[in-house]
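Please open the structure in a viewer and keep the selection panel at hand. The stops below proceed from one selection to the next.

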Amino acid sequence: MSTVTISHVTKAFGNNTVLQDFDESIRDGEFVTLLGPSGCGKTTLLRIIAGFEKPTSGEVYIDGRAVSGKKVFVPPEKRNLGMVFQNYAVWPHMNVFENAAYPLRIRKQDRNRIREEVNRVLEIVHLSRYTDRLPSQLSGGQQQRVALARALVAEPDLLLLDEPLSNLDAKLRESMRFEIKEIQRKLGITVVYVTHDQTEAMAMSDRIFVINRGVVQQSGTPQEIYNHPRNQFVADFLGKVDFLRGSAEEGRVVFPALGGQSLPYSGSCRGKVDVGIRPENIIFAEEGPLRGVLETCYYLGDVSDCRVRIGDTSVRVIAGGWLYDTLETGREVRLQVRDMMVFPDDGTLEQMLTIQT
């Protein structure tokens, strides 16, 4: 197990600064996810922690020991960490046992110890029955478990995972999320996980660092970030949200785009505001304060995914699947908003919501 301290780290490639003054700490035994769009700097930060890149400025400490900085650089093989990549990177000519044993053979470990440790870790990742199989005889999820076993067999203090599930199909991704999290809990190991998938981050993390354009927009538990986002980018990147411009005055927010309809508001913002409303926080209610017309409704089994036209815009409503037969498009409906996120309108909404690709 290990702590990681990233102290005012900046990384630039020529004139392109991809990380700006990154200053965060990761606690012992914590599962932290670096979440953000492609090109935001999350993989670069992971490579700096691993020792594959050097920071332009700032320092990295693992368990209180400086491993990267202006006057010190510890190579990756001496940082006692394991890393799992997006493309598995398993040896195609080696069977499962030999792939997992590779780090121990490099360290010239005793043959009996190698057998003992490999069997232990293959049991953890549920591959004990496949020791003699080649990677070509395994599914994608099994190959990813081989890569995970290889990273764990040397008992690293720190496990780094770089989008390890992105090549798997949706159902396999979902099951692997829980397997990786369960392994982390069982071993008590510190994990730094990189993804652009907010569902992965929410399901697995103790804390999430949301990054955009090389800057940490917010760090916190999944619940904190989802329910209390610091800005519009965070609100938009984690989950579904509709943004409406309004004016906060006299205990209400008035929405011009909704034909002047309004909602009660007791927060501290005044004047022009951007209001984010998640579709699961809008419900059909006979006495709801908002009036609109049901434009579309799609049955998705567990939910009904609807759009309601209110004034000059439409809002998304996620209702229970059992309500589908009672919802008729073209009819007037009333809506109740259970919760909303209110931000000062500083004129930067479109800029903040521009996601790098």
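Select strand E12 (residues 252–254) together with E13: the two pair in the antiparallel sense over three bridges. Strands here are DSSP runs of E with at least two residues, helices are runs of H or I with at least four, both numbered from the N terminus, and two strands pair if DSSP finds at least two bridges between them. The model is predicted, so local features need pLDDT of at least 70 and side-chain atom pairs count only at pLDDT 80 or more, whereas totals for chains, interfaces and linings use all residues. Residues are numbered from 1 along each chain as its sequence is written, and side-chain values use heavy atoms, without hydrogens or water.

Within this pair, valine 253 stands opposite leucine 263 in E13. Now extend the selection to the open sheet of five strands, ordered E13-E12-E11-E14-E20 with antiparallel pairing. Its edge strands, E13 (262–264) and E20 (341–344), each pair on one side only.

Next, select threonine 33 in strand E3 (residues 31–35). Threonine 33 is buried, at a relative accessible area of 0%; buried means under 20% (1.4 Å probe, protein chains only). Its side chain and that of serine 205 are joined by a polar contact of 2.5 Å, the term denoting a pair of N or O atoms within 3.5 Å, one able to donate a hydrogen and the other to accept it, where residues adjacent in sequence count only if both atoms are side-chain atoms.

Finally, select valine 118. Beyond its neighbours within four places in sequence, valine 118 is in contact (heavy atoms within 4.5 Å) with Phe97, Ala100, Ala101, Leu104 and Val153.

Key
Buried means under 20% relative accessible area, exposed over 50%, partly exposed in between (1.4 Å probe, protein chains only).
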